[in-house]
Amino acid sequence: MQFHHHGYVSGDPRVQPAAGVGIDRPDELPDEVDVLIVGTGPAGMITAAQLSQFPNVTTRIVERRPGRLAIGQADGIQARSVETFQAFGFAERIIAEAYRITEMAFWKPDPNDPSRIVRAARTEDDPTGISEFPHLIVNQARVLDYFAEVMVNSPTRMTPDYGYEFSGLEVGQDGEYPVTVTLTHAVGPNEGATRTVRAKYVVGADGARSGVRDAIGCTPHGDKANHAWGVMDVLAVTDFPDIRTKCAIQSGSGGSILLIPREGGFLFRMYVDLGVVPENDHGNVRKTSIEEIIKQANEILHPYTLDVKNVAWHSVYEVGHRVTDRFDDVPVEEAGTRTPRVFITGDACHTHSAKAGQGMNVSMQDGFNIGWKLGHVLEGRSPESLLATYSAERQVIAQNLIDFDREWSSMMAKRPEEFDSPSELEDFYVKTAEFPAGFMTEYQPSMIIGASTHQDLASGYPIGKRFKSAPVVRVADANPVQLGHHHRADGRWRIYAFAADTAASHNAGAPDVSALDDWANWLARDPESPVVRYTPDGVDIDAIFDVKVIYRQDHTGIDLGTVPSIFLPKVGPFAVTDYEKVYATDPSADIFAERGIDRRGAIIVVRPDQYVAQVLPLSATDELTAFFAQNLLPHNAASLTKESV
């Protein structure tokens, strides 16, 4: 965490100075806003948290409940989500209170006595080290609390507007605020009364029964699996030995349980198989009592017993797999002809079972995706055409999720004798680990994802996939750090310059050792440089682009006095030097080797939401210029003088 560059900070450094619309922010919901977010679930709150970092954007988030969520249904936090929490500044704290999944146990009928279950296998949760962050279990309500803290500590001082229920909207063609939203007071002295809010953009994060989705004519497509599950969070006394381990339990009777220990050391969740739902059930299965769920759990666990002492929460659901035909208000036949004004995220556009632990995780990536894009467009950084990439990118991801969840949930519902091999379930779990962990997302080429022409320069940073962190050493203070952990959800693009191998400079055809310096000087001073072209006058040189360098040698071999000035920018009102942009190789884990960085060096461009956007050689200045010309708008920034860099 960096602070003091605007003067001494004596209080909590997480509280940023109020700025822009955060100065004298009105308590009452205004009549006109830039962005109105409907729903304070994970998708809505991360969207709000991201937009709260744009001081000049008026964002409000409304919720029909009278206050914060006390207990949520979702609880699985995949490693990709924890990487995202790091960007918002609360990964370490939420890890400390969460339950950490390290392995999964598989229980099956005893071959000698199918009426009993026995442990058949254990699998490591992350055998390949796909992330430095763990797989967690923590209640959705706590995740929302952390995002609320980010919002209120932000320059905009954002807080949810509780007690408003969405009633409808209309999208006009003209005016600064073309979307008219009707809200109804859900609580308080004005309960039942309506009011309207006009917005430039609306984000519907209002759940599976989304009113925003219906208002823009989006249609969910999919089906039900005609299978029901009872889910309960309980405190219980049991002789089942793996009660504090994530388990997939299959009984001889055909019933199954997915057991997930909860945070705190005592509570646990069970998804209990209630069997096939008849076609003419008409929702009666949802009336299954908690007593029946507990009875079914005991039958599946035999010979072990479960004595439930307290039920924190329970529900019954039927597995459904649905994804909407689009994620914004532009009909498919009109795509590209007008700017989308209304967007849907999370359960509003994709629903599935809870057993793969993907609902909250994928929903948050929806919100992260649309949040920075709205911020860029509203601040004038990017053209409105950027907003069309939200639906184009996230709908594909949602369909992939539906396909995966359909396969996983159907396998969980199989009887033991229906599997092709005894280890089929655990083999599938291990084989597909990267998908549920959140790392199979790979965005396709677009105005914000470049072509793979130079992918060979950095094979470990696939274009379109998330930037995978790695250990490095910060040169200024010799501290070992994770390179990706300095990437904050502040709306900035990241440009990582990986130095060429100077030891190879004596070989024929080797790169010029001055290539990095030449590139750095171009980036700092040339009128065609993205930094020069898109950084407004009067702001810090790193306000739009966070530029870092990683050298191949040990930190002791790097003289900060010779490092190009673009990597040592002057920031804040006192123009003090930022020393946290210059890194060296960690001897214990060579980032160049681990990420396949070519000896010629490479430039890695990373989007504000942590996805690799482009890989280029140090010499490809024209290509870097052309890439950002697609997605950023020039400001009135003249070429920078040497003294200002």
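Below are my entries on a helix, the nonpolar cores and the aromatic pairs.

**Ground rules.** I am working with a predicted model, where local features need pLDDT of at least 70, side-chain atom pairs count only at pLDDT 80 or more, and totals for chains, interfaces and linings use all residues. Residues are numbered from 1 along each chain as its sequence is written, and side-chain values use heavy atoms, with hydrogens and water left out.

**Helix α7.** I looked up α7, which runs over residues 359-378 and has 20 residues. (Helices are DSSP runs of H or I, at least four residues, and strands are runs of E, at least two, numbered from the N terminus.) From first C-alpha to last, α7 reaches 29 Å, close to the 28 Å expected at 1.5 Å a residue; the expected span is 1.5 Å times one less than the number of residues. Is α7 mostly covered or mostly open? Mostly covered: 19 of its 20 residues are buried. Buried means under 20% relative accessible area, exposed over 50%, and partly exposed in between, with a 1.4 Å probe and protein chains only. Just after α7, I noted Gly380 with a positive phi of about 80 degrees.

**Cores.** A nonpolar core here is a set of buried Ala, Val, Leu, Ile, Met, Phe, Trp, Tyr and Cys residues joined through side-chain atoms within 4.5 Å. The largest one has 109 residues, and Phe147, Trp493, Trp519, Phe545, Phe567 and Phe628 touch the most other members. This core draws at least three residues from each of domain 1 (20-90 + 139-221 + 322-432) and domain 3 (455-630); the bounds come from an automatic or database domain assignment. A second, separate core has 24 residues, including Ile449, Tyr496, Tyr583 and Ile591.

**Aromatic pairs.** How many aromatic pairs does a search of the whole structure find? I got 24. Rings of Phe, Tyr and Trp (its six-membered ring) pair if their centres lie within 6.5 Å; planes under 30 degrees apart count as stacked, over 60 as edge-to-face and the rest as tilted. Phe90 and Tyr146 are stacked, because their ring centres are 5.0 Å apart and their planes at 10 degrees. Phe90 sits in the loop between α2 (79-88) and α3 (91-97) and Tyr146 in helix α4 (residues 140-152), so they tie together parts 56 residues apart in sequence. Phe90 is buried at 1% relative accessibility, and Tyr146 is buried at 6%. I also checked Trp107 and Tyr304, an edge-to-face pair at 5.7 Å centre to centre, with 90 degrees between the planes. Finally, Phe85, Phe88, Phe90, Tyr146, Phe147 and Phe368 form one aromatic cluster.
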